[in-house]
Amino acid sequence: MFYRENGQFKTSYRADQQIFPITQDRVALVALLAFAFLVVPMLASEYFFRAILIPFLILSLAAIGLNILVGYCGQISLGTGAFMAIGAYGAYNFFVRIEGMPLIVALVMGGVCATVVGVLFGIPSLRIKGLYLAVATLAAQFFTDWAFLRIKWFTNDSSSGSVSVSGLNVLGLPIETPVQRYLFCLTVVCICALLAKNLVRGHIGRAWMAMRDMDVAAAVIGIRPIHAKLSAFAVSSFFVGLAGGLWGFVHLGSWEPAAFSIDRSFQLLFMVIIGGLGSIMGSFFGAAFIVLLPLFINQVPAMLGVPISTALAAHLEAMIFGALIVFFLIVEPHGLARLWSTAKEKLRLWPFPH
Amino acid sequence: MGFFLETLFGGLMAGMLYALVALGFVLIFKASGVFNFAQGAMVLFAALAMARFAEWVPAWLGLESKLVANLLGFGLAMVCMVGVAWVIERFVLGKLVNQEGITLLMATLGITYFLDGFGQTVFGSDIYKIDIGMPKDPLFILESTFEGGILLSQEDLIAALIAAALVATLALFFQYTATGRALRAVADDHQAAQSIGIPLSRIWVIVWSVAGFAALVAGMIWGSKLGVQFSLSQVALKALPVVILGGLTSVPGAIIGGLIIGVGEKLSEVYIGPMLGGGIEIWFAYVLALGFLLVRPQGLFGEKIIDRV
């Protein structure tokens with residue numbers, strides 16, 4: 001009744017091609033953003049920011065990056081954590097080595113470092129694909145794990161192996177309190193999500209999807225595999241690297257390579273699968289799901305009066321993740337995003353379905 | 001020279017164990033086209049089951065003999081692995097027939113997590129011992145040729161022999177039994193095999209059970225060397241470059257790949273490691289495999305990949 005586009009006529013190509021062609025979607029999005037920017041900072045507690053909102057935003061950004069590579073371009077990657085690490089350590093090096101480096105420039109440069117390495121590790125994708133490539137990306141993961149632990153130069157010769165940043169500010173505004181951190185992450189994520197959405201619905205995105213669906217056929221109809229694959233690796237690594245920088249600088253403050261271990265890579269892959277392969281919206285759903293599930297598993301039994309040990313909670317979490325991944329692959333390969341769009345389809349007809 | 005040979009032998013024997021885990025991958029990939037990321041979790045699960053059953057069962061029955069306990073543990077663990085194979089076929093693979101390789105790979109990632117969590121919930125997550133009575137003393141050979149001789153670990157030697165025996169058994173099984181023939185037929189062409197009356201689902205259960213058996217043997221050997229604990233599932237990450245190097249579809253490839261990776265890893269750690277700051281074992285195998293893939297994308301013995309539109 002409320003969600004119906006009857007009478008919304010498009011009279012120009014511009015109007016027909018906008019991101020959200022339905023008025024209700026636009027209104028809902030503006031309302032959501034207003035809520036996120038204005039209401040949430042007033043309502044949420046400090047714990048809520050630190051434990052849920054900030055990780056959710058940053059991991060969403062990383063999931064968008066990974067989704068571009070896996071969901072849109074079909075190049076499976078098990079080394080996302082590595083690119084996050086490169087983004088974080090790259091940004092760190094620019095930040096501490098250059099006097100007066102602005103935070104945003106450092107983060108972007110971290111993203112650029114990740115892009116360069118991402119393209120390097122993407123080069124094998126021209127020759128090998130699918131399962132073989134998945135293992136090749138693991139090489140990136142193990143190599144960076146080792147490099148950031150053993151090569152002192154990357155950590156600015158810190159004796160403990162961990163690095164830390166402080167005194168963050170953007171254009172003179174400090175980024176210290178959880179609210180400020182949240183707003184900063186939210187801004188970055190909104191900009192990046194918009195960029196990603198526009199990329200995937202343009203000709204670059206179509207080239208990626210053609211590669212994903214059948215690369216040989218795509219090459220035959222004139223899509224250059226080199227451009228399509230390497231641009232997917234570049235864009236994906238940039239977003240992932242940026243997210244890595246945010247994770248280190250804004251969320252953790254001080255970190256060591258273990259923050260970007262192979263578990264992080266798998267976690268991000270699960271976000272993409274559960275959220276929805278090939279969907280920007282799905283990246284947010286997946287991130288929300290995976291950030292919330294462990295909290296849920298830890299809290300609910302205690303609330304019901306059946307406290308469980310930490311170890312058991314961790315094992316339960318692994319089991320539930322595993323079962324859910326299989327479940328989603330079987331029942332809904334397009335993840336939560338597909339459920340969302342099904343719900344919207346139903347709403348269009350409600351209350352008079354055919 | 002003596003030191004070099006010692007490193008070489010050490011590498012060969014470690015490589016044999018990698019090959020054992022890699023074998024599980026290859027078996028499953030050959031017969032069902034699934035890149036089974038869960039092989040490492042299966043190794044952990046099998047080893048946990050064996051360690052715990054070998055401890056529990058004698059306590060229930062009041063048995064004393066260690067041999068009987070180990071045999072019982074092994075047998076019950078094998079029953080568990082067949083159960084796992086059946087569950088995987090019934091609830092995962094059977095529902096994902098005809099999906100793309102990437103989907104199946106991700107499904108096995110899910111299985112990995114589930115098995116890790118499940119195994120540790122049921123069997124506990126401490127460090128457990130598997131004591132199959134392997135001699136721990138080092139062995140010195142060729143003492144007349146080199147000063148001080150070459151140090152060999154008897155444990156590694158026996159492990160390598162067990163692994164070699166397993167590989168030979170599997171090769172014979174595939175070559176000469178009716179089931180083995182059916183497995184090879186399925187590997188060549190699912191549809192053709194099905195149309196001449198080979199039941200796919202039963203074949204898959206058998207393949208996963210055989211892979212479970214390989215996992216159990218690997219888990220038993222690694223477990224008796226290092227103790228059974230979560231890090232065991234990481235061994236599979238070592239086996240991945242092995243399969244890639246050897247070619248996904250080749251049993252000899254898994255073995256030769258394992259030996260190459262084992263030797264390369266040990267030699268690089270000893271001779272190149274100090275220059276780079278040590279610990280390069282972690283990534284050396286991957287970089288080696290990656291470099292090799294650039295030259296020969298299908299691996300050493302893999303089938304040539306042909307794309308058709």
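Helices, as named on this tour, are DSSP runs of at least four residues, numbered from the N terminus. The model you have open is a predicted one, and the predictor gives the complex an ipTM of 0.83 and a pTM of 0.88.

Begin in chain A by selecting α14 (335-349) and then moving into the segment after that helix, where P351(A) has its place. Show W350(A) together with P351(A), and you will find that the peptide bond joining these two residues is cis, with an omega of about 0°.

For the largest cavity, which holds about 50 Å³ of space, select L66(A), L69(A), S77(A), T80(A), F83(A), F233(A), S236(A), S237(A) and V240(A), the residues that line it. If you colour the helices, you can see that α3 (46-72), α4 (80-97) and α10 (225-252) of chain A each supply at least two residues of this lining, and that α10(A) gives the largest share, with four. The lining of this cavity has five nonpolar and four polar residues, but no charged ones.

Now go to chain B and select L27(B), K30(B), A31(B), F174(B), L183(B), R184(B), A187(B) and V207(B), which line the second largest cavity, a space of about 40 Å³. Here α1 (2-32) and α6 (178-188) of chain B each supply at least two lining residues, and the lining has six nonpolar and two charged residues, with no polar ones.

Finally, colour chain B by pLDDT, whose mean over the chain is 83.

Definitions and conventions. Residues are numbered from 1 along each chain as its sequence is written. Chains are lettered from A and ligands numbered from 1 in the order in which they are written. This is a predicted model: local features need pLDDT of at least 70, side-chain atom pairs count only at pLDDT 80 or more; totals for chains, interfaces and linings use all residues. Side-chain values use heavy atoms; hydrogens and water are left out. pLDDT is the predictor's confidence in each residue, from 0 to 100. On a 1 Å grid over the protein atoms alone, a cavity is a set of points where a 1.4 Å probe fits but cannot get out, and a pocket is an open set with protein on both sides within 12 Å along at least five of seven lines; lining residues have an atom within 4 Å of a point. Grid points are joined across faces, edges and corners, and a volume is the space filled by probe spheres set on the points. Ala, Val, Leu, Ile, Met, Phe, Trp, Tyr, Cys and Pro count as nonpolar, Asp, Glu, Lys and Arg as charged, and the others, Gly among them, as polar.
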